[in-house]
Amino acid sequence: MADTPENPADLSRRSLLRRAAAAGLLVTPAAGLLSACAGSEPAKSTDTGGGTTSADNPFGVKDGSAVKVVIFNGGLGDQWAKEDKVVFNGKHPNVTVNMSSTQKIKTEEQPKMATQPSDLVMNSGADMMDISTLVNEGAIEPLDDVLAAPAWEGGGTVADTLLPGTREDGTFEGKFYVVNVAFTVWGNWYNGALFDKEGWTPPTTFDEFFALAPKIKAKGIAPYVHDAVHGYYPRWALMATIWKSAGKQAVVDIDNLKENAWKADGILPALQVWEKLVKDKLLLPGKLNHTQSQQAWLDGKAAFIQVGTWLKNEMASTIPPGFEMKLSDYWGLGASDKAPKDVFAGAGEGLVVPSKAPNKAAAKEFLRAVLSKAGSAKYAELTKSLASTKGSGDNVQDSALATANELMKNAPKDLIKTKFWDFYADLDKESQNLSEELMAGRLTAQQFVDRMQQAADKVAKDSSVKKQTRTA
Amino acid sequence: MRHGVARFVTGFLALPVALYLFYVVWPFAQAAGYSLTDWGGYSDRQEFVGLDNYVRLFSDELIRKAFWHNVFFLITVPLFTIGLALFLAFLLNVGGREDRAGIRGVFGSGLYKVVFFFPQVLSLVVIAVMWQQIYRTDEQGLINGLLIKIGLVDADNPIAFTADPEPFLGVPAVLWWLLLIAVWSGAGFYMVLFSAAMQSIPKDIYEAALLDGASRFHTFFRITLPLLRDTISVAWVYLGFIALDMYALVFVMTPSQGGPDHASEIFASVLNFTAFQKGQFGYACAMGVSLAIFTILLAAAQLRITRRERIEY
């Protein structure tokens, strides 16, 4: 069940949590797996809200009814949802919102799915319900009508207000099921204050980076630091470079295990710049993990680090005063790039409406409130991460959020996205291992390509592995 | 009357035995059953594939690699742990000077006993977190920091510890670093075990030997070791089990749980990956069953080889 495509933001956070749980030696994964399979039968969607529909009440929410909302109280907190409740009650003062928050979504919500579920569930965290199972079992409601409904503040539909990728990331088998509220952007981070002081311009290509690197080194700072323990960290950067250099189709071919997909034009050069970065000794010495490397970067030991927009929240307690966290896009190779402007980003933290929810109309209406301008602005302000609606970070005075917001404003429609590591566990492992080997200088770009191709061929031939296809 | 006692005993035993059968023996049997299927673990669909999974084990390169890593631990963990534990136990019990009160351990042996036993009372998570700091790979690490300060290690090229796959004596460095932790955390317990066994050896045997002019060296090898045979044999079997597991250390301490690039892959890590990430429970069960059979055979062989007539004292 875990093999269905999901958005990268969601997955990365899940795998992070999974690893955190593993590090804490919570050795009861089987119990969770088993309980996930406990019964939930396909249900028919029958009820309407019972109220009259209007532009301000597209789903016909009934006055005097109540809606039960369950929020995942993780790294992003639950305060933002309480603000959404205020927004919602602004339009529907007579509808009662019963909001609760928990970290045990599956434990608490899954048993109720077949009988009397909550109306709106934020399915997130380590204890989340498997989304493809929910879809396959018909346990959650398609929300295409939410997309088609008018936006909360008017001016077009809800779909119009969403950032690119949000719709795709919530779509399964052609239907929109999951409203992902958080939007994660990946890229290269630097300290704006330091760069201003030294008069350095953040590079946009590797050539510019290699030109700047000696100046950074001269100040006793390592130009670059990476997580050398979790292979999926450097892998984001490698895949982003490959995408920019070789274009979207090359990555789609890789995901689809096409013959010689790793040998396509533009892939080898994209890895050779990383090989050069390692060989020129531009990395901070040591094999640090994610938080250690992030702290080293905050301590001014390294100029650049690549990671997603959760960085600010994750390191909030140890950011030195005067440090100006800024996000810049992943670097490309330059003129030869096929997709130089594409940004690595995706939506995560999904809200779902169970099929058997008693008050689906109000749940959908609540989603409209979550995706409202007022709601998402509050979200960005409180969590310091972007919401999946356009311009949520417009009015927030925070350099990390503002630069991410800026990046998304200039992003083309295509977002950098890789699926093979969700599709195939073997390739996931191999690509993580090889990414770290490349970053450790024990592997050349050519060897990386050869071994990835070898691994991909092996998976393609392995009849015990169920094949998946990526179309877009 | 007799009948009543039997009923009484059965009544008390029935529940625990039932629980044991249901929660321990039955899952074992189930695992063996699943190992003959292609069950994926996420659905109720499974097909009987006979011994295919076991045949596949023999051509699986990763499993072979993991197997040899386990063999490395199987040899080194008992060897070093028992060696160190014996040495410490000997010093603490009979290593000191002799006086009118007879033979005794080195000065302060009571304190040492507590100190050496200490790792045993720490939970594995605490041990792992502690060693992560000791093994930290930049100048903030305990070992690297020290060595960099005194100039033995280049700050631009610190020791990578568990992120180092380069072979040392033909075995990836990461395995040696893990071995160090395993021996450190295990030696204390076996020291106490051996101490207890040594204390049950009558002191007059030692005194007689000393009167006959035996050296420390001779008393250890001619008296202590033979009389501890049973205890050591049991310790060896236990440590063999630990060496075949090693899962927690590999999982917490190594990059990508078995890395870098499979350099610290062991049976259990491959099994975990196959079951929970690849979703091939049938194949993973076959690995587990094979490991169980291997372990049982090993323990049986071990106990048989070391079996001898018991010396009564």
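The centres of domain 1 and domain 2 of chain B, taken over C-alpha atoms, are separated by 33 Å, and the assignment sets domain 1 of chain B at 1–27 and domain 2 of chain B at 35–122 + 169–305; such bounds come from an automatic or database domain assignment. This is a predicted model, in which local features need pLDDT of at least 70 and side-chain atom pairs count only at pLDDT 80 or more, while totals for chains, interfaces and linings use all residues. Residues are numbered from 1 along each chain as its sequence is written, and chains are lettered from A and ligands numbered from 1 in the order in which they are written. For the complex, the predictor gives an ipTM of 0.83 and a pTM of 0.80.

**Chain B**

- The mean pLDDT of chain B is 85, and 93% of its residues reach 70 or more, where pLDDT is the predictor's confidence in each residue, from 0 to 100.
- An unreviewed UniProt entry places the feature "transmembrane region" at residues 71–94, 114–134, 174–193, 232–253 and 281–301 of chain B; UniProt positions are given in the numbering used here, feature names are shortened, and annotations may be inferred rather than shown by experiment.
- Residues 174–193 of chain B are 100% helix and 0% strand, with end C-alpha atoms 29 Å apart, and residues 281–301 of chain B are also 100% helix and 0% strand, with end C-alpha atoms 30 Å apart. Helices (H or I, at least four residues) and strands (E, at least two) are DSSP runs, numbered from the N terminus.
- Gly259(B) and Pro260(B) are joined by a cis peptide bond with an omega of about -5°, and Pro260(B) is placed in the loop between α11 (247–253) and α12 (267–277) of chain B.

- Chain A holds 21 helices and 12 strands, and buried residues make up 52% of its 472 residues. A residue is buried if 20 or more other C-beta atoms lie within 10 Å of its own, exposed if 12 or fewer, and partly exposed in between, with C-beta atoms placed from the backbone.
- Of the contacts in chain A with a separation of 6 or more, 75% come from residues 24 or more positions apart; two residues are in contact if their C-beta atoms, placed from the backbone, lie within 7 Å.
- Chain A is divided into domain 1 (8–184 + 347–416) and domain 2 (187–345), and 21 residues of domain 1 of chain A are in contact with 22 residues of domain 2 of chain A.
- On the side of domain 1 of chain A that touches domain 2 of chain A, the elements giving two or more residues are α1 (8–23), β6, α18 (399–409) and β12 (415–416) of chain A, and α18(A) gives the most, with six residues.
- By class, that side of domain 1 of chain A has 10 nonpolar, nine polar and two charged residues. Ala, Val, Leu, Ile, Met, Phe, Trp, Tyr, Cys and Pro count as nonpolar, Asp, Glu, Lys and Arg as charged, and the others, Gly among them, as polar.

**Strand β8 of chain A**

- Strand β8 (residues 302–308) of chain A is mostly covered, since seven of its seven residues are buried.
- Strand β6 (residues 179–191) of chain A runs antiparallel to β8(A) and is joined to it by four bridges, and Trp186(A) has Gly308(A) in β8(A) as its bridge partner. Two strands pair if DSSP finds at least two bridges between them.
- Strand β7 (residues 222–225) of chain A pairs with β8(A) in the parallel sense over three bridges, with Val225(A) standing opposite Ile305(A) in β8(A).

**Where chain A meets chain B**

- 24 residues of chain A are in contact with 27 residues of chain B, and α1, α2 (29–37) and α20 (425–439) of chain A each supply at least two residues of the side of chain A that touches chain B.
- The largest share of that side of chain A, seven residues, comes from α20(A), and by class the side has 13 nonpolar, six polar and five charged residues.

- Ala440(A) is found in the loop between α20 and α21 (445–461) of chain A, and it counts as buried because 20 other C-beta atoms lie within 10 Å. The C-alpha atoms of Ala440(A) and Lys287(A), which are 153 residues apart along the chain, are separated by 8.6 Å.
- Leu257(A), which is not a glycine, has a positive phi of about 55°; Leu257(A) lies in the loop between α12 (248–255) and α13 (267–279) of chain A.
- Glu349(A) lies in strand β10 (residues 343–352) of chain A and has a positive phi near 65°; Glu349(A) is buried, with 29 other C-beta atoms within 10 Å.
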